[in-house]
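Hi,

Here is the structure I promised to pass on.

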Amino acid sequence: HALADALLGAAGLGDLGQMFPADASTPSGIDSRTLVAAVLTRLVDGGWRPAGLDLTIVAARPRVGDHLDAIRASIAGFLDLEPEAVNIKASTGNLDGSEGAGRSISTLALATIETIA
């Protein structure tokens, strides 16, 4: 969700909740790749494409550090980016709140886009 919202925000195209409202029109348990694919279609229709991505996964548990390269490769492949254009990092945050207690995971995302030539 953070990745999709970052891409939409970079293009000034609203947010994921506008495309996929939390009601009966959005299938329950919809796959994240389906969401991102729809966002990519909207970007391309607007004359944009992803250029780079920076993600921070905030969680005390599970430990995701050993999986960052795989996550990076997966996202880069899905967005048709070179792996060097995607940065993934993990943080335990301040070990406060639900992330620090291991009850939830959050992600911060920053996307850059460029016009399609």
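Predicted model: local features only at pLDDT ≥ 70, side-chain atom pairs only at ≥ 80, totals over all residues.

**The core**

Let's begin inside. The largest nonpolar core has 25 residues, and the members that touch the most others are Leu3, Leu7, Leu53, Ile75, Leu79, Val86 and Ile88. Six elements each put at least two residues into this core: helix 1 (2-10), helix 3 (32-45), strand 1 (48-58), helix 4 (68-79), strand 2 (86-91) and strand 3 (106-115).

Leaving out residues up to four places away in sequence, Leu3 touches Val36, Leu53, Ile75, Leu79 and Ala109. Leu3 is also one of the buried residues of helix 1, along with Ala4, Ala6, Leu7 and Leu8. What do the buried residues of helix 1 pack against? They pack against helix 2 (16-19), helix 3, strand 1, helix 4 and strand 3. After helix 1 comes Gly12, with a positive phi near 70°.

The largest pocket holds about 400 Å³ of space. Its lining is made of 13 residues, and those nearest the centre are His1, Leu3, Ser32, Val36 and Ile75. Helix 1, helix 3, strand 1 and helix 4 each give two or more residues to that lining. Which element supplies the largest share of the lining? That is helix 4, with 4 residues. Sorted by class, the lining of the largest pocket has 8 nonpolar, 4 polar and 1 charged residues.

**The strands**

Strand 1 and strand 3 run antiparallel and are joined by 10 bridges. If you want a landmark for that pairing, Pro50 stands opposite Ile113 in strand 3. Strand 1 and strand 2 are paired in the parallel sense, over 6 bridges. The landmark there is Leu53, which stands opposite Val86 in strand 2. Both Leu53 and Val86 are among the core residues that touch the most other members.

**A few loop residues**

- Thr26 sits in the loop between helix 2 and helix 3. Is Thr26 buried or exposed? Thr26 counts as buried because its relative accessible area is 15%, and the cut-off for buried is under 20%. Apart from neighbours within four places in sequence, Thr26 is in contact with Phe20 and Pro21. Thr26 and Asp15 are 11 residues apart in sequence, and their C-alpha atoms are 14 Å apart in space.
- Pro62 lies in the loop between strand 1 and helix 4. The peptide bond that joins Arg61 and Pro62 is cis, with omega about -5°.
- Asp80 is in the loop between helix 4 and strand 2. Asp80 has a positive phi, near 60°, although it is a residue other than glycine. Asp80 counts as exposed because its relative accessibility is 71%, where exposed means over 50%.

Cheers

Methods
Residues numbered from 1 in each chain as written. Heavy atoms only, no water. Core = buried A, V, L, I, M, F, W, Y, C linked by side-chain atoms within 4.5 Å. Buried < 20%, exposed > 50% of the residue type's maximum accessible area, 1.4 Å probe, protein only. Contact = heavy atoms within 4.5 Å. 1 Å grid on protein atoms, 1.4 Å probe; cavity = no way out; pocket = protein on both sides within 12 Å on 5 of 7 lines; lining within 4 Å. Points joined across faces, edges and corners; volume = space filled by probe spheres on them. Nonpolar A, V, L, I, M, F, W, Y, C, P; charged D, E, K, R; others polar. Pairing = 2+ DSSP bridges.
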